[in-house]
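Visitor: I have not looked at this structure before. Please take me through it by question and answer.

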Amino acid sequence: KQWYQRRVAITAGMDDFLGHSQFLIYSKSFNRARLASTSPGVVGTYEHEFSPCQLWTLEADPQKPGFYYVVNERYPKYRLGVTNHTFVVWDGSHFTDQLFKFVSNHDGYYSIQNALYPEEWITKHGREDSDVSVRSFTGGDDQLWRLVPRFQASKLNQVVFNYDNRQGSNPIGRELSVTTGVRRTHTSAISNTSTYKKSISA
């Protein structure tokens with residue numbers, strides 16, 4: 001299934017790579033393991049088929065720049081957090097212990113640091129799905145994570161109508177039907193059709 005590889009054509013750039021984007025989050029030390037919430041209140045990793053429980057949306061906190069709530073797609077009330085130094089997913093009120101900073105190692109991976117407990121970093125300490133915790137920073141591969149965007153976006157500019165009217169005195173009008181939106185990888189499509197009318201005068 002390729003639901004996680006849908007492509008989007010956009011004409012406006014993102015505020016940054018992380019904010020309000022969805023990701024699959026892969027461990028470096030166990031490179032098939034992805035962070036997942038396989039049921040409400042349960043967090044770990046999963047190595048097999050893809051599903052929405054492995055997708056995470058990063059929601060920036062306006063009062064703490066550079067930190068994000070990490071929200072699950074299947075269980076959107078649940079966010080990653082640290083409670084009593086234990087790695088959890090939480091569906092209650094928003095607290096600082098649910099905010100994380102993604103620190104790039106400039107080689108395609110991130111270390112993920114908790115806001116309330118800055119000494120705590122998300123760690124894949126073993127092969128089992130349940131072997132995810134928060135631990136003191138070591139700089140090892142078990143604390144490095146690769147973020148794979150759900151959407152692969154591209155920015156483009158395209159001329160849809162061009163006419164030289166320098167020798168004329170009357171406006172030239174033409175109606176164009178342009179499709180914008182998301183096109184899925186199978187035969188059906190999601191789109192909005194907008195009609196633009198452009199008039200060019202000398």
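**Burial, strands and side-chain pairs**

Guide: Of the 202 residues in the chain, 38% are buried. The model is a predicted one.

Visitor: How many helices and how many strands does the chain have?

Guide: The strands are numbered from the N terminus. For this chain the count is zero helices and 17 strands.

Visitor: What share of the contacts between residues at least 6 apart in sequence joins residues at least 24 apart?

Guide: A contact here means heavy atoms within 4.5 Å. Among the contacts between residues at least 6 apart in the chain, the share that joins residues at least 24 apart is 48%.

Visitor: What part of the accessible surface belongs to carbon and sulfur atoms?

Guide: The accessible surface of the chain is about 12,300 Å². The part that belongs to carbon and sulfur atoms is 47%.

Visitor: How many salt bridges are there?

Guide: Side chains of opposite charge can pair when their charged atoms come close. The cut-off for a salt bridge is 4 Å between the side-chain nitrogen and the carboxyl oxygen. Asp-141 and Lys-28 form one, with their closest N and O atoms 3.7 Å apart, and Glu-73 and Arg-150 form one with an N to O distance of 3.7 Å. The count is two.

Visitor: How many residues apart in sequence are the parts that Asp-141 and Lys-28 tie together?

Guide: Asp-141 and Lys-28 form a salt bridge. Asp-141 is in the loop between β12 (132-135) and β13 (145-149), and Lys-28 is in the loop between β2 (22-27) and β3 (34-39), so the parts tied together are apart in sequence by 113 residues.

Visitor: Is Arg-150 buried or exposed?

Guide: Arg-150 meets Glu-73 in a salt bridge. Glu-73 lies in the loop between β6 (68-72) and β7 (79-83) and Arg-150 in the loop between β13 and β14 (152-155), so the pair ties together parts 77 residues apart in sequence. Glu-73 is partly exposed at 32% relative accessibility. Buried means under 20%, and at 11% relative accessibility Arg-150 counts as buried.

Visitor: Which residue's backbone nitrogen does the side chain of Gln-143 reach?

Guide: Gln-143 sits in the loop between β12 and β13, and its relative accessible area of 1% makes it buried. Its side chain makes a polar contact at 3.1 Å with the side chain of Thr-123. The backbone nitrogen that the Gln-143 side chain reaches, at 2.8 Å, is that of Thr-138.

Visitor: Which residue takes a positive phi in the hairpin of β3 and β4?

Guide: Strands β3 and β4 (residues 42-46) run antiparallel and are joined by four bridges. Ser-39 has Val-42 in β4 as its bridge partner. The hairpin has two residues between the strands, and the residue with a positive phi, near 85°, is Gly-41.

Methods. Residues numbered from 1 in each chain as written. Predicted model: local features only at pLDDT ≥ 70, side-chain atom pairs only at ≥ 80, totals over all residues. Heavy atoms only, no water. Buried < 20%, exposed > 50% of the residue type's maximum accessible area, 1.4 Å probe, protein only. Areas by Shrake-Rupley, 256 points an atom, 1.4 Å probe, with all protein chains shown as cover. Polar contact = N/O pair within 3.5 Å; in protein donor to acceptor, adjacent residues only side chain to side chain. Pairing = 2+ DSSP bridges.
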